[in-house]
Protein chains: 2
Amino acid sequence: MKIKITELRKLTKSALLKKYSEFQANLISEVMLFGELSGKSSHGIVRLLIGKYSVMAQEPKGKPSLTKKTKVSSLVEGKGNPGILVGPIAMNEVIRLAKENGIGVVGTRDNFGSSGCLSYYLERIAKENLIAVVMAQSPVSIAPYGGMEPLFGTNPISFGIPANPKPLIFDMATSAIAFGAMVRARELGLKLPENVAIDKEGNVTTDPARAIEGGTLAFDNSYKGCGLAMMVEILAGIWPGADYAGLNIKGGWGNLFMAFSPDLLIGVDEFKKKAEQLIETIRNSKTKNGGKVRIPGENTIKKRDECLKTGEVEVDEKLVAQIKEFIKDEKE
Amino acid sequence: MKIKITELRKLTKSALLKKYSEFQANLISEVMLFGELSGKSSHGIVRLLIGKYSVMAQEPKGKPSLTKKTKVSSLVEGKGNPGILVGPIAMNEVIRLAKENGIGVVGTRDNFGSSGCLSYYLERIAKENLIAVVMAQSPVSIAPYGGMEPLFGTNPISFGIPANPKPLIFDMATSAIAFGAMVRARELGLKLPENVAIDKEGNVTTDPARAIEGGTLAFDNSYKGCGLAMMVEILAGIWPGADYAGLNIKGGWGNLFMAFSPDLLIGVDEFKKKAEQLIETIRNSKTKNGGKVRIPGENTIKKRDECLKTGEVEVDEKLVAQIKEFIKDEKE
């Protein structure tokens with residue numbers, strides 16, 4: 001169904017206000033709406049009520065707080081709050097640090113559940129004329145290359161690049177498939193693509209039920225992709241004191257936010273102009289079929305721009321009904 | 001042939017002293033020897049005399065110098081010096097910055113030719129109890145995903161992680177094959193592996209001659225690997241003011257060195273202990289054949305340790321003869 005963006009925001013906020021403050025509900029709903037508007041509904045309002053990692057399923061131990069600060073870094077203690085709330089707090093902090101000192105590094109620990117679309121953070125940081133690098137560690141999914149035990153999360157590594165006229169956003173999971181996509185395939189009776197997952201005997205499988213008991217492969221099914229997944233496990237898991245390979249579960253999910261001012265090396269205007277030049281050179285470079293080369297992140301931005309133009313977004317009808325029911329229950 | 005390491009160092013330095021100072025010759029020869037001892041002879045003494053990017057083929061415009069300094073960053077002007085000389089200077093600077101302020105970012109521009117084994121820098125930085133991230137930009141090789149024009153270098157992205165008892169080193173090119181490997185295949189009449197390169201019509205080819213006229217593919221032949229290659233082109237090319245996609249050739253080759261103290265987020269001892277625990281968990285995790293899982297970088301370290309134990313290394317006889325001839329010529 002189509003729904004007005006203002007209406008969806010109101011609904012999302014109303015639901016969130018059950019458990020979270022006005023300030024927190026604003027932070028969370030903006031990340032969720034970004035997911036919906038960008039066509040990444042897997043990171044949208046579905047995260048509100050559904051599943052054990054949903055925002056409403058959580059029992060935070062208090063408000064997230066900044067600890068262990070230096071001039072260039074901060075650690076955010078998530079205290080069991082959703083990643084999608086801890087994320088915006090870390091993002092705002094890393095922007096502040098990098099604006100003041102040229103560089104910021106912010107780690108988060110003890111968050112629970114996904115931080116939502118990393119593109120949200122990347123774009124916000126890059127719009128502040130800062131280079132963004134964001135990584136997220138999550139419960140074990142990927143088996144190491146040559147192994148068959150899930151030891152790394154889906155572990156995205158992602159970049160936001162200030163550029164004219166719009167930031168360049170590149171966000172990639174190091175896993176070949178998301179855990180949620182396997183659950184969905186099982187529920188809908190679908191097969192998985194080839195070479196994305198293994199069963200618990202270590203054999204490649206397209207059966208989602210067997211894959212869920214087994215593990216996923218790295219995006220390239222090679223030591224390179226696995227090595228990158230391992231680096232994210234270390235930098236966004238071990239480093240901020242979060243979980244890593246299931247060895248520190250009470251450390252929760254972890255994130256790493258880094259921001260750098262281009263001015264450290266060349267002027268920001270020169271940087272943005274050259275980034276634009278590179279993007280246009282790639283887009284217009286020769287192709288076999290004569291078409292344009294696709295630039296990372298652009299489809300997402302296009303979808304969002306279209307929604308913002310019409311003021312409406314396509315969402316799952318059942319999800320909206322569920323949220324309305326939830327809000328009504330609360331009122332009674 | 002086997003040669004004593006002390007003898008190889010002496011020969012390498014003698015050759016370098018023709019053009020470089022004692023200080024510079026020491027820096028360069030250590031990176032070259034690291035390559036030879038690590039079994040990566042493609043980044044060893046072959047870089048001394050052979051080819052247009054060799055250390056001796058270059059005509060530097062002066063000594064590399066540090067410019068544009070902040071408390072957390074420096075830019076190294078390479079002035080046409082070899083990457084393998086500019087690299088150690090940048091490495092020493094990034095270590096100094098990160099020891100003083102917890103973080104260091106050092107870009108290099110206008111270096112010429114490869115920086116040698118990135119593992120050398122990663123290991124040295126990690127042994128200082130600092131997390132290392134090093135990227136290197138080089139002349140165009142990889143075609144963007146969906147395109148057929150080479151626009152990105154072989155563009156490695158690499159990580160050095162402080163760990164007990166030894167640092168963890170993960171160094172990966174984003175290209176599926178090195179340019180040098182294609183040249184070698186052509187000279188030896190060998191075919192390339194499948195799916196590593198394209199001809200100038202954009203068709204996948206195993207013919208090295210056609211591939212050299214065409215371009216290489218990203219390591220995974222997907223938008224993810226290409227996206228990573230593009231990020232390296234931006235962060236190690238555009239950011240320090242080096243070349244990018246052949247659009248700024250006079251900016252030379254570029255590098256980006258980053259170092260972070262684990263202490264910013266958790267204590268360095270805790271970090272190293274947990275990294276060790278992760279490595280051992282991966283190594284001993286279940287495999288289909290009951291063997292151990294291979295850890296990135298360990299084969300390289302093992303080879304080097306064996307050389308250091310015997311004091312000898314296996315090198316190409318013709319190369320050694322060539323270096324000896326070169327030194328003799330100089331003396332006359």
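Reply: Two strands pair if DSSP finds at least two bridges between them. The model before us is predicted. In it, seven bridges join E4(B) to strand E10 (residues 253-260) of chain B, and these two strands run antiparallel.

Me: Which residue of E10(B) stands opposite Thr108(B)?

Reply: The residue opposite Thr108(B) is Asn255(B).

Me: In what sense do E3(B) and E4(B) pair, parallel or antiparallel?

Reply: E3(B) and E4(B) pair in the parallel sense, over five bridges. As an example, Glu77(B) has Arg109(B) in E4(B) as its bridge partner. To pass from E3(B) to E4(B), the chain goes through helix H4 (residues 83-101) of chain B, and this β-α-β crossover is right-handed.

Me: Where do side chains point in a strand?

Reply: In a regular strand they alternate between the two faces of the sheet.

Me: How many residues of E4(B) are buried?

Reply: A residue is buried if 20 or more other C-beta atoms lie within 10 Å of its own. Nine of the nine residues of E4(B) are buried, so this strand is largely enclosed by the rest of the structure.

Me: How does one read a residue such as Asp316(A)?

Reply: Asp316(A) counts as partly exposed, because it has 14 C-beta neighbours inside 10 Å. Asp316(A) lies in the loop between strand E11 (312-314) and helix H11 (317-331) of chain A. Asp316(A) and Gly44(A) are 272 residues apart in sequence, yet their C-alpha atoms are 10 Å apart in space.

Me: Let us turn to the contact. How many residues does each chain bring to it?

Reply: Chain A and chain B bring 56 residues each. On the side of chain B that touches chain A, at least two residues come from each of several elements, including strand E4 (103-111), helix H8 (223-238) and helix H9 (268-283). H8(B) gives the most, with eight residues. By kind, the residues on this side of chain B are 32 nonpolar, 15 polar and nine charged.

Me: Why may one say that the copies meet through the same surface?

Reply: The copies meet through the same surface because 100% of the interface residues of chain B are also interface residues in chain A.

Key
Residues are numbered from 1 along each chain as its sequence is written. Chains are lettered from A and ligands numbered from 1 in the order in which they are written. This is a predicted model: local features need pLDDT of at least 70, side-chain atom pairs count only at pLDDT 80 or more; totals for chains, interfaces and linings use all residues. Two residues are in contact if their C-beta atoms, placed from the backbone, lie within 7 Å. Helices (H or I, at least four residues) and strands (E, at least two) are DSSP runs, numbered from the N terminus. Ala, Val, Leu, Ile, Met, Phe, Trp, Tyr, Cys and Pro count as nonpolar, Asp, Glu, Lys and Arg as charged, and the others, Gly among them, as polar. A residue is buried if 20 or more other C-beta atoms lie within 10 Å of its own, exposed if 12 or fewer, and partly exposed in between; C-beta atoms are placed from the backbone. A crossover is right-handed if, with the strands pointing away from the viewer, the path from the first strand over the helix to the second runs clockwise.
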